[in-house]
Amino acid sequence: QAQTTELRRRCDGKANGPGVSRHSEQMRAALIGALQVVTAPRGAPDLARGATLFAQQCGSCHGADGMGNGPAALNLAPAPTNFLDRARADQRSLYGLYSTITLGVADTAMSGFGQLSYADRWALAFHVGGLAYADAQLQQRGVAVLASADQAAGLRSLAALTPTTPAQAIAQHGEDGLAALARLRHDPAPLFAGSSPLDTTIARLHDSLAAYADN
């Protein structure tokens, strides 16, 4: 409650934007921790399925390439998001995208897609989250970073990847952090390989929690 009051005060007073963003991030982390929110998928997302779903469910507004210029976009205000806009994409985490896909955005044409399965929503989140970071050179650099002992390899953790925005990755690890994050958004399979029995148990508990939340 104290953090919420402070955030409202800062917004009403048009405080410094980065400061407001940091305060919001702290609130988000506190809420996720307090409510024990599951912020990562329990299985490797099907990226091909994500691309298919985007074409079927999102292309009419967001455009075939995600630029926000679909045939239905002309009549929408505010306009659909351009997912290739790096300045805005840098502020979005995969978990944030998953939440938006699930719940929608109030006072916009973006309705929630809660009717899609848990796996489908995560597949969409990974697809959308990778659109602005498909550059071949960035991908190649990401492969090299993840194969080295660089500190950015810490993003190999799924728990670290999904709530982290590209801007945060840059702040924490520099450009190598962005490259590692970009690569894992396009190919997260290594994060799910070779799970231990304990990892499997944790995943099943997450399944139970997600099923309980959906009901």
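Predicted model: local features only at pLDDT ≥ 70, side-chain atom pairs only at ≥ 80, totals over all residues.

1. Residues are numbered from 1 along each chain as its sequence is written, and side-chain values use heavy atoms, with hydrogens and water left out.

2. Helices are DSSP runs (H or I, at least four residues), numbered from the N terminus. The axes of H1 (residues 2-12) and H2 come within 10 Å and cross at roughly 160°; axes are lines fitted to C-alpha atoms over the stretch in contact, with angles from 0 to 180 degrees between N-to-C directions. H1 and H2 are therefore roughly antiparallel, a term for angles over 145 degrees. On the H1 side the contact (heavy atoms within 4.5 Å) includes Gln3, Leu7 and Cys11, and on the H2 side it includes Val20, Met27 and Ala30. By class, this contact has 5 nonpolar, 6 polar and 2 charged residues.

3. The axes of H3 and H6 come within 8 Å and cross at roughly 90°. These two helices are therefore roughly perpendicular, the label for 65 to 115 degrees. Among the residues that meet are Leu47, Leu53 and Phe54 of H3 and Ala123, Leu124 and Phe126 of H6. The contact of H3 with H6 divides into 9 nonpolar, 2 polar and 2 charged residues.

4. A nonpolar core is a set of buried Ala, Val, Leu, Ile, Met, Phe, Trp, Tyr and Cys residues joined through side-chain atoms within 4.5 Å. The largest has 30 residues, and Trp122, Leu124 and Leu161 have the most contacts inside it. Its largest share, 6 residues, comes from H6. Leaving aside neighbours within four places in sequence, Leu124 is in contact with Gly50, Leu53, Phe54, Cys58, Ile101 and Leu116. A second, separate core of 7 residues includes Ala89, Ala132, Leu178 and Ala182.

5. Is Thr39 buried or exposed? Thr39 lies in the loop between H2 (17-35) and H3 (47-62). Its relative accessibility is 12%, so Thr39 counts as buried, the cut-off being under 20% relative accessible area with a 1.4 Å probe and protein chains only. Not counting residues up to four places away in sequence, Thr39 touches Ile32, Tyr95, Trp122, Thr162 and Pro163.

Methods: Buried < 20%, exposed > 50% of the residue type's maximum accessible area, 1.4 Å probe, protein only. Parallel < 35°, antiparallel > 145°, perpendicular 65-115°, else oblique. Nonpolar A, V, L, I, M, F, W, Y, C, P; charged D, E, K, R; others polar.
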